[in-house]
Every structure is written in structure tokens, then in C-alpha cells.
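User: I would like to learn how to read the features of a model like this one. Could you take me through it step by step?

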Amino acid sequence: MVFESRGEKVFRFAILIVLGLLSVIALLPLLSVISVSFSSGWVVDLNQVTIWPKAFTFDSWQYMIDRPDLWRSFFLTLITTLIGTLLALLVTAMLAYPLAKKEFMIGGILMVGVVITMVFKAPIVPYFLTVRSIGLYDNPLVLIVPHILNPFNLIIMRTFFKQFPKELEEAAFMEGSGYFRLLFSFVLPLSKAVLATLALFYGVVLWNQFQHPLFFITDTDWYPLQIKIRQFITDPNEMPFLASRQEVNYNERTLRSATVVFAIIPVILVYPFLQKYFVKGAMIGSVKG
Amino acid sequence: MTQGQTPTVGQLKQIIRKRLRSGRLVAGLLHNMRKYWPLYAMALPGIAFLVIFKYVPLLGSVIALQDYSVFRGLQDSPWVGFKHFETLFRYPDFQRVLVNTLLLGALKTILAFPIPVMLALMINEVRHALVKKGIQTALYIPHFLSWVIVGGIVFDVFAISGLFNIVIGWFGYDPVLVMQDSRFFRAVYVITGIWRDAGWGTIVYMAAISAIDPQLYESAMMDGASKWKQMLYVTLPLLMPTILILFLLDIGNFMELGFDHVFNLLTPMTYSVGDILDTYVFRTGIQQAQYSFATAVGLFQSVIGFILVHTFNRMSRKISDGGLW
Amino acid sequence: MATKKWGTLVIAASLTLLMLAGCAQNNGNANGNTSGNTQEANNTPSATEAVEEMIDLVVWNTNLGFKPIEKGSQLYELYKDVLGVGVIHPYVEWNGGTAYLNQLNLKIAANEMPDLFKPQQGIEESLAKNGAIADLTDLLPEYAPNLWNLIPEEVWNIVKANDPTGKGRIYYVPGVLDYGRTAGLIRQDWLDELGLSMPTTQEEYVKVLEAFRDQDPNGNGQRDEIPTGGREEARWMDHLFAMYGIAMHEGNPDWDMYDGELTYSAVTPYMKAALAFNARLYKEGLLDPETLLNNKAQWDGKIDANRVGSYFHWAESVGGHLETIQANAGVKGDFAVLPVPKVEGYEGFYTAKRFQGPVWVVKNNKDEKKLMATLKLLNNLYDTNNWEKLFYGVEGMHHVMNNGKPSTLPEDKSTMENKVFAPHNDFDTVEFKKNLFNSIDYGDRKWAIDLNLRNMDENVKYIKTIAGDGLPASIYEGFADINNRTLYVEYATKIILGQFSIDKFDEFVEKWYASGGEEVTKRAREWYAKTNG
């Protein structure tokens, strides 16, 4: 090991303290959401729950988990997220790669075109009619297809490809590989970090999608998770309800919290797995090895 | 105009200009296509996607020049020229809304943009793998709370019996209702934005850092560079292209402050500093289904955004190697 | 030359291929919808398949998270029996009406308007102008006499006056509220506890509020009482404005006769006086300091925590709060109607509006059978004999029978289909409501329900129907900020909090008139002259 001066130790320690503090600040609100989800509805209504659950109960979770339609949505979303992410990575890489090549003559003009799609947003009605006209209305494919290319992600990938060491590529080129082979068996395997990053970006958008199913799916059986859980927690009604008093421990707010936590868990679980691709020097190391 | 140093675009443009002059652009393109056809084939699905899902609907922006009615459709809705743009500019509070939008946009760009870079550099210094993972995960979690939820939490934190007032109470201060005081709105906007999205923003940088050749650090250490110096003279410069690109992308959405972000923090008492173009459009355009008007305002924002990207892109190409195109 | 053609061909071909691939995938899908031709395909299975030719109609209305009504479902069958028409009610996210309106617009843009739906934000006006919704003027008397006769002629006259085409035709079914539903409410048991009598003047009311603040009426030894308050945007605190004769509907200023002319109550000197009073209450700690930050849940939470002395809401729904207070604090409380406190020189009242805006519009169906079926549905819907059946819904899903009396089940969004028809809310009469309260088997909840009933009778005394009742939203066209009360809310809230001095009110009035108030007032007065001419 290399020496570490005292200054450096202090430096690293200070960083650790700051990051630790920030982590706590980042997590506190989630903690409060979690405690609300485990508290009884009436304490929550009295605004008494802060960081720890009060009048602890599993009722909100029980109610949510017992709903079969939730699980259907959950697995539907899981599958569309997986397929969508893979497809998106493929399409994005296949466009980002030529865009990073200077021999691709229309690359410059295409980039302007890509940036335009980022800055200018299509109005909702024409967008709806267009997507509908290609047959994606009331079609589960609408949960995937509109998400397979995102200009922002495309540009990020292109930036990475552009920084790819040219010598390595040229060497492979000499060996007679075509562009397709170059991309798939050479460039992509060495771009795990950016692939992991974009997998996360695409995955999260697919997982959290709300607008598309709202506008394009009418059959509630095909509702993905986010829109399904909205069904549990819609606006309060001014209208008094004449029903018998509910002997349950959940209410709108505890349910909302439970659903929020429920929907976050998978995303939280995924990140540490992707993180291993961010290891320093992953790319260069593998070339040499 | 174009610097000779910018290899991709610069050279291309020169080639194009030359070809144009000799009237051989099409032939040149065809030649290029024949020679590098796999690149074109590869790009095809992506291009088709952009055309279908972005450009065709984008053509629908012409409804900004119509009194669009969903019942009549694009063909039969009457054309009204720039009426909706006039409505926007004549709005009595237009100045206030525009100033608020620009100010919040500037604050967002200046204060919030650098944070993920700093965080990424700091996280990079953490040695212990598990601690590193923990910190990263913790920091990026807030991104998954929607603004409705975050808004609710923020209002709770600043309530009379909320955390904020409890803490300032320890120091002997009277409770302050921050959310109904226009002096604090901008700070709340920026801080909540950082709180929710800074951790998420580090991910790209972490990926970029991981692509840095370890040999560079080794040689820097040989030269006796401290950690701090390595961060400053190795990591940061190598991150620059990524930072630059992200900055350009960010600036393109300068006018987009996140409707949900602002809307969920806004109260009538903070309109004077927090009412922005997006919230104005929501009140007048979206709630009333005035699609033409909403589109007109959207175009106005996009045009400004595009001018900004274009300007900064040219600047960045002058001072450095990179740029979007 | 040849190569050039070849190149373009390849591009064109691959693009087409890609598109085809997309469509082919889609065609393989269960629905098999193809572009543009989906008009009737998804929601309305062909009407002819039923033996007695049951016609299915697509109906849209508010759904706060319940299950949709699908062909053959339990509620579908119930509606078929009661209304004689098949009702398909897809789930449409509501979200304050914004998501609903957006989806409705998209449906209309795609040429798939529902057969019968609740309009939002004045969408019926452009639809009527474009001939998209049916002109009901002649159809209703002939094919839906129940509806036609139930709604009083004066109300129909207002609907005619509000016809956006200006021809005096009827394009929608209006909601009617036949009694004053909202009122100021006060803890009678706290008054008793402190030995105070029901306040009748403003001074007495303020004294009572001070006593609530200082004398621990809830008896928990803490000074945690909130004498009175309301919610964000200065809403649901109408009782503090009512004493100044302000026309106000759930916090939204409304139109009434001031100085002999129809005027927006927010720009009158009466409002200035009311705001000054509210600012005083706020300063003295008699208003909840968080009044202007409370959302519904938070404000209800404070009421339910046995902390609030006086609030404004539906007089008939105090029972729910009182039951919760009993559960939370073990106190059998009592929220009584607060008589509008007298202020010298002002004529106070609680605002009532009979006219509740459009409830239903009917698609201008080219298909005669569907149009007739829609009218049949409306006719049966407004047959009051059907109302109890519609209210109680499906046995086992929405209610159970106890001792021969129906008892509604607690809301369960996972099992209940959305009761899309609630005519008793759309034509709300005090008789039907009271009968409902009386018909349900309440058991030991009776004390709370009785207080609801008492308040309903009591509130009648303080109600006034305002002159602006029935004023259409179209008077605000082009002035969204006036329609949204943006300017009013900003000034009112800041004045109440003391961030603006009361003198700023004059600036508000000036700005309001300058930014469109002038034109809106002109339109409103024209409307008034027309309806009362």
C-alpha cells in the first residue's frame, strides 16, 4: 500500500462524515413514509406520526398485498421493465455507436435532430393520435415501445463511445471485424458501466411509467404498477359517506405510504447489483486481462 | 467559422461544403452510405423511432397557430396566427411569470448542477466497498419519491409542530411558517431539488469515473500527487467531457423547472416568486383543455431552450474539443 | 442513377418493414385494433348479441378508485334491471378532474366520445357549439319525462339561458341542490362546558373563540385548542365571511346583488370588511395559524383530534367527525349549526346555490338506437322510485341486509364496482337525504346520525340563495385567472396573514377589474338581465 499522509486521512475522514450526514438527510423522509405505512390510520390523521410508527399495524400492507390485482400489475410491470430495458439498450446502442463515428456522414445533422427532440416536446393530442394510429392503443406493447429510445440516454451513450480508446478499436478493425461485430462483441462488452447506467435509467422510467398507460390503456387488467396503486389512493371525497364505520386501521394516507414503499423496494434492490459494473477501471482492466 | 480542430463535425462540414459547391452532396452521401452501410443499418431502428414517436407528433405543434378543438381536429380547426403567443405576452402578470421562471432556472443551473459532480468525486474517495454502496443507495433513494410525496413531506417538516420548528425552537426562535412566506420559496425549491435528484445525478459521473484508466492515477502518485491533487488534476479533467455534455443537455431544458416540483410546493402566498410559466399554463391551458395555448407556451420555452443549447454548444466547441454536434 | 434509386429504396423498404413489424405484432394481440378504425370496437360489444337487444352504453363519471363496470358484471346486471340499459363504465383516473378531462379530450379527438358522460371545466360548451352533444330540448319531454318533470322549470330556463350557441336550447342535465348544505358549525358541548350561550353577534362569537383559546374546553390541560380555521386558499372558512353578506361557495367568492347590481362578492367593500376581520382573528390567534396551509386531511385531522371549536362544512356530516372524536378522545361531542353572527350594518347568510352545473351530457349519436337507449337510461335514472336501489347498489358488494334493513358496507375499492349513478346527489333534496338517514340500520351510531338530521333542519334558517345562482362558467372565457380566483386568493391570503395591509385590497379590486373583471362583470350582468328579464 502507498503511504497516506495525515492530511489525506483527515481529508478522507471529512468526506466520509459529510457523505454520512447527507445519507441520513436523504433517508429520513423515506423513514417517515415507512413509519406512516406501519401506523394506524387514526394516529396519522391526527398528524402524530413523524419518524417512528405509532399504533403499529400491518393493516395497510395487509390490505395492499391481499389485492390480487396488485400482484398482476406488479408482475406485468416487472416483465415490461425487463424486456423494455433490454430492447432500449439495444436500440440506443445501435444508434449511439454510429453517432460516435466520424465516418458516419449524417451524424452531425442527426445529433441536431436528436437534441431537437429533447428540447421540443410534442403536444399531447397529436402525440396520442400518432401513437394510436400505429396500433398501440389498448395494446400492452405501449408499455414498452414508446420507451425504447430516450434522447438524453442516447447522448450519454454516444459520449461514452466517443471516449472509447481508438487504438483498441482500430486493432480489432484490422483483424477484419465489421461494425456490427465490433459493436456487439467488442465495444459493448467493454462498456458495462454505461450499459448499467442506462439500464438503470431506462428501467426506472419503465418501472415508474404513468402517463402512457393512463392515456393508452383502458383495460385495467393491463395497468402497470404505478397507475394501479393510484387507484388505491385517489383524492379524498367531500361527500360524507353513509356507510357503517370501518373497523380498519388503514386510511388513504397509510395506504399511500405503503404503496410508495412497495413500489420503491424493487428499484432499491436492483441498484447494488448494477453497482459492481461501476468498479474503477473495469473497462481497461478487462482489455488487458 | 468552424475550428479546424473539431474533427468530427468540422471536417464533415468542410466536406459537405466542398461537395455542395461541386454539387456532389448526394453522390457523396451515397458513397458514404455504400462504404459504411452497416452504420446506417444499425442506426435505422433508432431513426425510425425518432421519426414516429418524436417528429410526427412534433409536427402537431402547428396547433399553436390554431384554435384547436379536439372535436374538429387538425384539419378543421380555425387558423388564428400568433393569437396565443399574443395572449401570453399580453398576460398582465407575464413579466412576473417570466422573471420567476428565468430566476429559478438560473438558480437551478448554477446551484444544483454542480452538486452531483462534487458528490461523485467525494464518493469516489470512499474506499470501503460496502460503505460506498450504502452511501450511493441512500443518496439516490429520494429520487423515487414523487413530487406529490416530497411536497407533502416538505409541508410536514415546515409545519408548526414540524421538525424545522422544533429544531429552531431549541435555539429559542419562534416558529416560522416557511411555506407561506415568499422569502423562502426559492431556497426551498433549490434545496428540495438537490435533495431529491443530486444523488441520482451522480450515477452518470460514477460510470464515467469508472472508465478512467487506473494507470493515470498510478503515475500521478509516482509524481507525489496527493488525493486532493489527483481529484483535481486527474479525475476532474477526465470528467469534463461528461460534465460538459450534461450541462448542455441541462441548459436545453433551462425553462423547464419541473411543473410537479414547483406546483407541489406552491401556495397562494408564494405566487409572487413561485408562479412560473408551467404553473400558469396549467391554470389556463391544461385545466381548461386549451391545447393550442399550452402548445404555444411550450414552443416559446423550447425555442429559448434551443437558442441556449445552440449558443453554449458553439462556445464549448470553441473552448474545448467536445460539444453536442 | 441506378445506385441512387437503390439506396432510397432500401431506406424506404426498411422503414416500411419496421412499421409493418410494429403493426403485425399489434395485430397478433388479442384486441386486434388497427389504426383509426377502432370507433366502437373496444368498449361496446355488438348490441345485437343479446336476445332482447340490450343496448350497451359507455358512461363516464367520477371514479375515485373503484372497479370499472364491465359487461355482465354484478353492477352491470343491476343497472340492466333498474335502468333497462347495459352500462359499461371504464375506469378513468380522476385526479381532481384534470386527468379525467385530459382522457375525455383524447377520446373525443379519437372520435370515441362516451355515450353519456359528466362534462368538466366547461367542455360542454365547445361540444355544443360543434354539434357533438345532443340537443335535448325536444328529446327530454318526449323520451325522458321523469327527468323533464323532476327538474323545476326555473332551472331548465337557466340551462336554456346558458346555451353557448345562444339559441336557448338545452344541452345538458343540470345538477340541482334543493337545500342549503353547508354551514358554520360550533362545538355546542364546549359552549356548555364553559357556561357560554350560543353566540348571536360577532362580538359574542369572538368572545367565544377567545374562551375556546384560553379556557381549555377540551379539558386535556393543554392549550392546544384551535378556536376556528379553514383550509388552503382561504377555502372552507365561509362562516367568517358569511356574516358580512359575502356570497361564497366553499371558499370561492360568488355573485350576488350588491348595491342593486350583480357583482362579484370578492371586489365589494363587504369583502374588505370580512378580510379585515379575518386578519384580526389571525393576529389574535383565533384562527389556526396553519389555516392557509391545511389540506383536507390535515384540517379534518385537527377537527377529529378534538381540538377545533368551530369550522365550516356540510351541516349533515358532523356525525362522522363526532364519531371519530369519540373514538379518539372518548368525548361525545356536538357540532351545532352556528347562527350567522350579526354584524352591525351587514346582512349575513350562508350561501346556497340550487344550480349545481352540468351533470350529464349525451353524445349526439348518429346511431338512433343508442340515442334512444341513452334517453331511456336518463328517464329511468330520474325515476325517484329507483333511487334507493341505485344508492344501495349490489347486495353483498355495496350493502348487506340487517334485520330487513339495508346497511351499506364500508368502502372497499378492491371489491366494489363504481356506483356511477347517484341521482340523489345530482338532484339533492332534504326529504330524500333524511329518508336515507332514516332507512339505514345504524345501531349504536344513532346519536351521531340524529345530530346530522337536527343540523339539516336548523340550517334552513340561515340560508340564502344568491342571485348569481346558475351563472355559467362561460362568462370567464378568456380570463382563466379570474375563473381560477388566482388574484383573489393571493391578495386574500396575504391580507389574512398580515403580509399585506388591508389597504392593499383596493389595489386588488383595481387589478381585478383591469385584468378582465370589467368584461366578466358585463357578461354576468347581461346574463342576469336575460334570466330575470
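Analyst: Gladly! Let us begin with one span: residues 144-173 of chain B are 63% helix and 0% strand, and their end C-alpha atoms lie 34 Å apart. Helices (H or I, at least four residues) and strands (E, at least two) are DSSP runs, numbered from the N terminus. This is a predicted model, where local features need pLDDT of at least 70 and side-chain atom pairs count only at pLDDT 80 or more, while totals for chains, interfaces and linings use all residues. Residues are numbered from 1 along each chain as its sequence is written, and chains are lettered from A and ligands numbered from 1 in the order in which they are written.

User: Which residues of chain B does UniProt list for "transmembrane region"?

Analyst: The unreviewed UniProt entry lists residues 39-65, 97-123, 144-173, 193-212, 232-249 and 289-309. Such positions are given in the numbering used here, feature names are shortened, and annotations may be inferred rather than shown by experiment. Take residues 97-123 of chain B: the span is 96% helix and 0% strand, with its end C-alpha atoms 38 Å apart.

User: How many helices and strands are there in chain B?

Analyst: Chain B has 17 helices and zero strands. Its C-alpha trace spans about 80 × 70 × 35 Å along the principal axes.

User: How many residues does the contact take from chain A and from chain B?

Analyst: Two residues are in contact if their C-beta atoms, placed from the backbone, lie within 7 Å. Here the contact takes 77 residues from chain A and 73 residues from chain B. On the side of chain A that touches chain B, helix H1 (residues 6-37) of chain A gives the most, with 15 residues.

User: And how do I read a sheet? What is the strand order in chain C?

Analyst: Strands of a sheet pair through backbone hydrogen bonds, either parallel or antiparallel. In this analysis, two strands pair if DSSP finds at least two bridges between them. Chain C has an open sheet of six strands in the order S2-S1-S3-S14-S4-S17, with mixed pairing. Strand S2 (86-88) and strand S17 (427-428) of chain C stand at the edges with a single partner strand each, so one side of each has no neighbour in the sheet.

User: In which sense do strands S4 and S14 of chain C pair?

Analyst: Strand S4 (residues 173-177) and strand S14 (residues 355-362) of chain C pair in the antiparallel sense, over three bridges. Within this pairing, Val173(C) stands opposite Trp360(C) in S14(C).
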